Each structure stands twice: as C-alpha cells, then as structure tokens.
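Here is a short tour of one protein chain. Keep the sequence and the 3D view side by side as you read.

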Amino acid sequence: MNPPHHQHQMLKPLLKTPSQNRLRSLFNAHHSLSFSSKPTPHNNNNNNNNNNNTNNNHFHNLVSRICEILSRVQWQKNPELIRLSPILKPHHVSEIIDTHKSTDSVLRFFYWVSRRPFYKHDMGCFVSMLNRLVGDKIFAPADHVRILMIKACRNEGEIKWVFEYLRHISRNGFSFSLYSFNTLLLQLGKFEMVNLAQNVYIQMLNSEVEPTLFTFNTMINMLCRKGKIQEAEVIFSKIFQYDMSPDVFTYTSLILGHCRNRNLDLAFEVFERMVKEGCDPNSVTYSNLINGLCNEGRIDEALDMLNEMIGKGTEPSVYTYTVPLTLLCEVGRVNEAIGLVGSMRKRGCLPNVQTYTALISGLSRASKLEVAIGLYHKMVKDGLVPNTVTYNALINELCAGRRFDIALKIFDWMERHGHLPNSQTCNEIIRGLCFIDNIEKAMILFNKMVKAGPPPTVITYNTIIHGYLKKGNLDSATRLLDMMKEGECNPDEWTYSELISGFCKGGKLDAASSFFREMSERGLTPNQVNYNAMIDGYCKEGKIDDAFSLFVKMEESGCCPKVETFNAILNGFAKDNRFSEAEKLCSKMAEQGLLPNIITYTSLIHGLCRNGATSLAFKIFYEMEKKNVLPNVYTYSSLIFGLCKEGKADDAERLLEEMKKKGLAPDVVTFTSLIDGFVMLGRLDHAFLLLRQMVDVGCKPNYRTYCVLLKGLQKECRLLTEKVVAQNETVYSCSSDEGVTNFEMMCNLLSRLLETGCEPTVDTFSTLVNGLCREGKPFEANQLVEFMKERGFLPNSEIYYSLLIAYCQNLEVDSALEIFSLMGVEGFETRLSIYKALICALGRENRVEEAQTLFESMLDKQLNGDEIVWTVLIDGLLKQGNPDLCMELLHIMECRNVTLNLQTYLILAQEFLKVDKLKETEVVGKKLKHLR
C-alpha cells in the first residue's frame, strides 16, 4: 500500500519498517488495472513501458473521478459512482482515502463501499483509514475502524501483523479501548494464539482500561480449550478481585478444561459448585460433562446425565447428542443409537451432518450396510450436504465389506461435488480397484493424488505394488518401487514382503533374493513375514536346500521361526518326497513348543498323496482328528486327489459325502479331482453327474474341469472307433482335422452338459473360450463364439478380451480390430493391455499410422502417463524390438502435455540402452537432464 500523501511525521517510521514492506507483499496492495479486454503485449520494453503508463493513467483517472464525485452533496446516490463501484478494488479505495481532502467524506465512503456486493476491504484499506483518522486525531471513529480491522483478520499471520501495527499507532494517543481489547482477545482465541492473548491481557491490566467479565471469560475459555486449567484458575480468581461473579459461561469453560485434561472428578466438583452458587447449568455445560464421560468410555453414565438434563428442563442440542451417538455406534450398540436419534427427533432436535455420519459409520461397521446407504440417501433428501467425513466413513466401510461398486459410485459423486477425499479413502478405493483387477483406474487415482493431493502414502504404493504382482506384472511393480524410492515415501517391510512373495510366485527367485538383500542395505531388518515369503518361494521352486539354509540364517539372526515358517519348509520336504527330513523338522517344531496346525498336517497329507502314499496320509489324517485339529477343504481335496490317483474313485466320493456332512463345501479342486478319477476309470456318465452336483451347490467349473471331461469324451470316441473297426473291419475316426476335432468335441461336451441338466451359460462359453485362447487356439475359440451367438448368447467382455489378445498374438490384426470395434459399440471397457496388444500388432505389421491413431484415442481416456509408457512403450514396443515407433509415440505424449515421472524417463533410457539404441538413449537422457 502507498503511504498517505498527508501522513504525519509520527507515522513515517512505522511505514518504513520491514513489517510494512511485508504487508505490501502479503496483501498485494497495488495491481495494475486495465479496462481493456485485450491481452497485455510483452514483445519489447517500449511496449511494456507504454502499457505501464496506460495502466497508471487508468488508475489515476478512476481515483481522481471518484474523489471528484465524493466532493459533491449526496454523492451516495450519484449514478456514475454506482456504475463505477463494481470495478473498484481495495488499492483504488486506499488511494482515494489517502488523497481526498475531506476525512469525513472518505470515512463515509469507506463504510459505503464496504457494503457494495463483491467488494471487501483488504488490510491496506484499514491502514489508510486508520492513518487518516489517527493523523487527524478523530479517535472515536478510528476505534470502530480498528475493531473492524481486527475482525477482518483471516489467519494467524494477519492478526500478528495487525497487533504490531495497532500497538505502534497506540503510542500516539490512540490507546486501546475496552471493546478493542476484548475484540482482539476474542480473535486471538479464535486462532488459538494463547501466548499472544496472554500478552494482550497483561497489557490490558497494566493500562487504564478495566476488564469486564467478558474479558475474563474469554481468557478462561481460551486457556481451558487448551487444557491449561491452572492458568485459567488464576484468571478465575481475578473475577472476585474485581467484585464480579462468575456466570454460567465461566463455570462451563472450567468444566471443559477439566474434561480436556480427563479429570472428571474436578469437572463434577465445578458443576456442583455452580449449582450451589445458584448458577443454572445450560445445554453446553451438560454437553461438556456428557462428552467427558463418553471420552472415558462411560457411555451409560453419559446417557443418565442426558436424561438428568432433560428432567431439569434443559433442552439438549444436536451437539449434546452427537458424541453419545458416536460412542454407542463405536461399541456396537447401534440399535440404541437409532433409538436415541428417534428420541431427539421427538424433542424437535433434528439430526445434523455429524449425527448422520456417526450413524452411517456405526451401521456400516455393524454389517448393516443397506441401512447405512439408506440413511445416506435420507440425509441427502433432508437437504443436508454430506461432508468429507461422511463420505469417508461410508466408502471405508463399503470397501471393507467389498462393496466396491457402490463405493466407487459414491467416490465419483464425492469428487464431482468438490469434496476432497483423504489418503485413507483414496487408499481404500485403490485397494478396491486392485481387488477387482482394475489397475488402470487405480493408477489414474494415484496420478491425481500425486498432482493434486492428498499425497500417496506408503500404503498407497504397497497396495498398487500388490495389484501389479497379483496380475503377474512384475516389471511395473518394480518401477513403482523405484518411483517410491525417488519420492518422499520410503519402502517398508511390507513393501518388500509383497515384492519377495510376488517375485517368488512368478519364478523370479534371483530378483526376490535381491529385494531381500536390499532390505538390509536400506536399514530394514527382515521380519518373519519377509523370511517366510522367501523360504516359501524357494520351496515352491523345489530349492528346498536353499530354503533350509535361509531358515537356519533366520534363527541365527534372532528372528524366531513360527508355525508358518515350519509349514513352508515341511510343504517343500513333503512335495519332494523327503519325509524323513520332514519328520525331523516336526520334532524340532515340537521342541520349540510350537503345535502343528491344520496347514502343517495338510502340507504333509498333500505331499504324501502326490507321491502315492495315500495310506500313510490317512494315518496322519486320523492323528490330526485325535488331536482336535479339524480338517479343512484342502485336507479333503488332497486325500480325494490321492485316492483318485490310485483308482479308488468310489472311496474318494464317500470322502466327499463325509466332508459335506461336516459342513465343508467342496471347491473346484475337490470336484475336478473326483471327476478326473471317474474319467480315468472310464465312468464318464458318473463324471457328468458329479459335474451336475458341482453346479447345483454353486461351485463354478473351471477350464481344467472341462478339459478333464473332454479327455473322457475323446477316450469314449476312441473306444467307439476301436469298436466300429472291430465289428465292421473298416477304418473310422472322429475326424482327421485337429481343429474340427477340437470344435466337435466342444459341441459334444455342450450337448452332454445339456443332457445332464447343466445348461450351458455365458459363463460356460467364457471359460471355454478363455481356455482355448490361452492355449493359442483362436480359430476354435471363434467357432465357439459363433456357436454361442447362434444359440442366442451374447459374448461378454472377457470373451472379447481373450479373442482379441489371441488374434493379436497370431497377427490377425483385422480380426482383432473388428472385435475392438464391437467392444466399443457394446460399451465394454477397453483396458490398457488391449491397447498394448493392438498397437504392438499394428507395429509388427508396419501399420504405423493406424497405431498412432489408436494411441492418440487411448490418450483421450486420461490414463496414467507413466503406466502407458511402462505398458505400451517399454513392455510392448521396446521388448518386441520396435524402438522407432516407441519414440514416435513418446513424442505424441509430449505434444499432448502428458506428464511423466522422472523415474519413468530413467527407466526408458535404460531400456533403450539395453537394446543398443544409443541415439534414442541420448534423446531421452537430455529430457531427463532437463527435468532434473
């Protein structure tokens, strides 16, 4: 702000202080004002100077014109002033106050303009007005402006500066009044600036201004809110020194302070004292005590106090009810909470957003999600706007209950209406998206978190890394780890547990071992989970000796193995038919006081059954039952597999009935093993009856189940051929064409399913088509799709996806593009992996323009840029040896301003270097250097 032209000498030193310079910077008191809609030219210095001169002219012309109007009588009604007022900014008003000759006129203008729509004074206006009034020693109006200035402070920084400014000008005869002291204390309390408020309070006591009960109450309340009860009691004693009596506000503040310090006995002592003194408690008094009881978990006493206050004629407010309602929900007494809401409604107290939020959260946790969702809709219907806490509570519980579809809808609605989710909510949504294998959407949300907040946490990274590993995308999981290390999130033990486990499952033991070593290098001590993941990985790859060596190292490092660790190695020994070593390990386990659990026994049973020792497996089975270790589905499945392998399918079926009687539901592995057992015995009809039984109990057959039945049909076909040859002495076969044979067998399978009462569904066709495509048989898969269409079944997204990928792998690009078009017409979501397959196939066929067009249409979907580079450019084009198209598509991304992480450019440069593309490496390296 500019200093006033008429400013007195006494104010000049203040305006030259660094504080005043900071104020100018903070409030941007002067900005150029242009009345033109044309953009300001910046092509040369002359243009800039001309523009500045023009702006200055416009500024001074407007200020001069307003000053001229203010010199007239009844200027408030001047139509030109009313017309010009919408373009007035605070810096114009400051200049008008500084330059107009009449202090009375500018004071009235100061108030008049403050009431205009869309205008608000900044601190510069208040300073100009106070400087003018204090300079002219017009103190009464100046005191009112001072109070308005204090009330206008929006944050801690502003009020600190304002206090310093007011303290300086008070030295010149403009001392603080009672009202200005009290307003300043009230505002400092609003911003919880207790130390500064105490300084102001002491300054007030040392001045000639006598404090009022309002002064004492303001200080006591501020201190009690912070739990500074001893300091508040010192001020409380001052009330009596000034011949005043505490009121309900005073006592209520002291009760609040004791409750904040979790000293309910003293809080109730104050309550009893106020009642004895004849001071009636109000709703806030009771609310503080009720909240204090709730915070201590004393919900029943809190409800008794609620009834007491009602009995004494004090009406509870919605805030009185909110904390007890929340606690009732938290401890699972949801029905009582609902009853309490009913009673508050009867008393005419309507629930607010916090009430609904507490109920929604409580109902959700009590597995009453439908009621919670209904309450959410009622809340909206009643005209209440849910806040971020409401949405977070509902989304978190929906995700915990795996109701991700509804959670995603509410999350989308929340974002569209400007409610910012917190990290926990974003993490829950990401977890849900990863759970349903929609990693692309998870990465879009991750991208939003990186750019706009809330920032990703270690849980965010771990969740997405787990999502990538679950899909078998080990490379992208590693890339996300690299991004994590480059950012502000350090990987933790759980990050490495996920990576070690994921890479072990993917058969990448060397990489898993590297992560295990990296943990120690980063100062993380491997825990049981990390050791277990690595040991389990070695065992599953058949590297039992390596697993046992790590087991020994685990013990030596002071990390005591638990049952889970022993189970992993026992499982390895059992699968490798090393039962003598398994027995020794069981003895060691017992020596350490660890009891074998269901997994221990099942691991041994499974290994014995795999190695043809089913009779021994049954001995262990009976032993576990004697020790009250109840078998599970996997135990029975292992035994059924072993019996069927030995040709004892009937015994296996009796075992199936036994497990059903025990309340265990057979799974797809159980049924498939049993069906295979009867197929091997040539009892195909019985195998199909078991399939019927399987479907009837809601167990969905997988591709292996159908392959087992197809094997039986092929065997039946071969036996029929042999029989015909034997009877007619002619050559007969089902078909000489393998493709037709496969399709004929599929049709035969579908007919038999129908005959057995297992009518084929879209799921049936989807399972078969997906399986055929995985085996690289798109021709037969397509025949099956045409067959299902003829029978009135519409292919689902999984069928189209499998066919498209298979066609791309076989370079049947036109067929793949046709399916891609069909998916769009039918509204199916196109995943990033589909774009990758198509773009790579087009690249291999040298159809570059089509690849570029498809890539650009993919960019319109606003997918995560880093994941596009990882999936399409690196894992797709670079790995198939097409760096030129890779660079062209990267250029398109940059032209479209797609933001990429620094780490992604580094990964890209490294990948180009691996394939000896030095020119491309140099280009990407330059971009990397520029970003850094």
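## Pocket, helix pair and backbone

The largest pocket has a volume of about 650 Å³. This is a predicted model. Rolling a probe the size of a water molecule over the atoms shows where empty space is left.

Four helices each supply at least two lining residues: α23, α24, α25 and α44. The largest share comes from α25, with five residues. The table shows where to find these helices.

| Helix in the lining | Residues |
|---|---|
| α23 | 404–416 |
| α24 | 423–435 |
| α25 | 439–452 |
| α44 | 797–809 |

Next, look at a helix pair. Helix α46 covers residues 832–844, and helix α48 covers residues 865–878. The two pack at an angle of about 35 degrees, and their axes are 10 Å apart. The crossing of α46 and α48 is right-handed. On the α46 side, the contact uses Leu832, Lys836, Ile839 and Cys840. On the α48 side, they meet Glu867, Ile868, Thr871, Val872, Asp875, Gly876 and Leu877. Six residues of this contact are nonpolar, two are polar and three are charged.

Now turn to the backbone. Most residues other than glycine have a negative phi, and most peptide bonds are trans. Proline 454 sits in the loop between α25 and α26, where α26 spans 458–470.

Finally, step back to the whole chain. The domain assignment gives domain 1 as 80–210 and domain 2 as 830–931. The C-alpha centres of domain 1 and domain 2 are 59 Å apart.

Note on methods. Residues are numbered from 1 along each chain as its sequence is written. This is a predicted model: local features need pLDDT of at least 70, side-chain atom pairs count only at pLDDT 80 or more; totals for chains, interfaces and linings use all residues. Side-chain values use heavy atoms; hydrogens and water are left out. Axes are lines fitted to C-alpha atoms, for helices over the stretch in contact, and angles run from 0 to 180 degrees between N-to-C directions. A crossing is left-handed if the near helix is turned anticlockwise from the far one by less than a right angle, and right-handed if clockwise. Contact means heavy atoms within 4.5 Å. Ala, Val, Leu, Ile, Met, Phe, Trp, Tyr, Cys and Pro count as nonpolar, Asp, Glu, Lys and Arg as charged, and the others, Gly among them, as polar. On a 1 Å grid over the protein atoms alone, a cavity is a set of points where a 1.4 Å probe fits but cannot get out, and a pocket is an open set with protein on both sides within 12 Å along at least five of seven lines; lining residues have an atom within 4 Å of a point. Grid points are joined across faces, edges and corners, and a volume is the space filled by probe spheres set on the points. Domain bounds come from an automatic or database domain assignment.
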